[in-house]
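This report covers one protein model.

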Amino acid sequence: MSRDPRPRAKATTPEVAKPPKDLTTEDRRIWARVTGSVTPPKFRKAARVIPGGAPIPEILAVAPSKAPPKPSSLPKRAPGALRISTPQPSAVARPAPHELEPRRQRRLSRERDPIQATIDLHGFGRFEAEDQLRAFLSGCQARGLSAVLVITGQGRRGGGVIRASVHDWLHAPGLRGVVSGFAWAHRRHGGDGAIYVTLRKR
């Protein structure tokens, strides 16, 4: 590429004008005070221009900003300290009540094993009688009793509703954790209209 033969003009720095020679001493003092308070203008370097494009501004150096703080990481656990929740096994189903052994039935009939509480379901409707029986047996178990007497009545011609339903009530899931066994009572305790019921330990 050929160089431009024209000489480049040197940048000149403006100078403060000199005072006239015919000033008095007082005028020179004032002139020096005025010229001392004047600051000469600063010249900036012209921006480089690219033909057909906009001038490129000077790039200012910007101090790098501090990196944002890292979020606090969760505490690390040792592999052996990892706790894995396992489903808890469901409660063991209680077996259904069974018929009392003849020996235990005889002991209750002869009161060698004491009958510790009695409930009479005469006069109750079917659903009320069931609720009364469940509350009675649960309360007796909570008191630590082991053998009770439930009087159902024989009904008319032996077809009483409570007497016909009591076996189903004693086998219900709500009483399987309470009742361990039952049997029809001896005649002295009501015969076919009453039942011996033994209770599980709590």
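## A helix pair and its setting

Helices α3 and α4 cross with right-handed geometry. This is a predicted model. The residues that make the contact are Arg126, Ala129, Glu130, Leu133 and Leu137 on the α3 side, and Val161, Ile162, Ser165, Val166, Trp169 and Leu170 on the α4 side. Sorted by class, the contact of α3 with α4 holds 8 nonpolar residues, 1 polar residue and 2 charged residues.

How do the two axes lie? Helix α3 covers residues 126–142, and helix α4 covers residues 161–170. Their axes come within 10 Å and cross at roughly 45 degrees.

Now the whole protein. Its secondary structure comprises 4 helices and 5 strands. Read from the N terminus, the order of elements is α-β-α-β-α-β-α-β-β.

| Property of the protein | Value |
|---|---|
| Share of the 202 residues that count as buried | 23% |
| Accessible surface | about 17,100 Å² |
| Share of accessible surface from carbon and sulfur atoms | 55% |
| Share joining residues at least 24 apart, among contacts between residues at least 6 apart in sequence | 63% |

What share of the 202 residues is buried? The share is 23%. Which atoms account for 55% of the accessible surface? Carbon and sulfur atoms do.

Notes. Residues are numbered from 1 along each chain as its sequence is written. This is a predicted model: local features need pLDDT of at least 70, side-chain atom pairs count only at pLDDT 80 or more; totals for chains, interfaces and linings use all residues. Side-chain values use heavy atoms; hydrogens and water are left out. Axes are lines fitted to C-alpha atoms, for helices over the stretch in contact, and angles run from 0 to 180 degrees between N-to-C directions. Helices (H or I, at least four residues) and strands (E, at least two) are DSSP runs, numbered from the N terminus. A crossing is left-handed if the near helix is turned anticlockwise from the far one by less than a right angle, and right-handed if clockwise. Contact means heavy atoms within 4.5 Å. Ala, Val, Leu, Ile, Met, Phe, Trp, Tyr, Cys and Pro count as nonpolar, Asp, Glu, Lys and Arg as charged, and the others, Gly among them, as polar. Buried means under 20% relative accessible area, exposed over 50%, partly exposed in between (1.4 Å probe, protein chains only). Accessible areas come from the Shrake-Rupley method with a 1.4 Å probe; for residues, only the protein chains shown count as cover.
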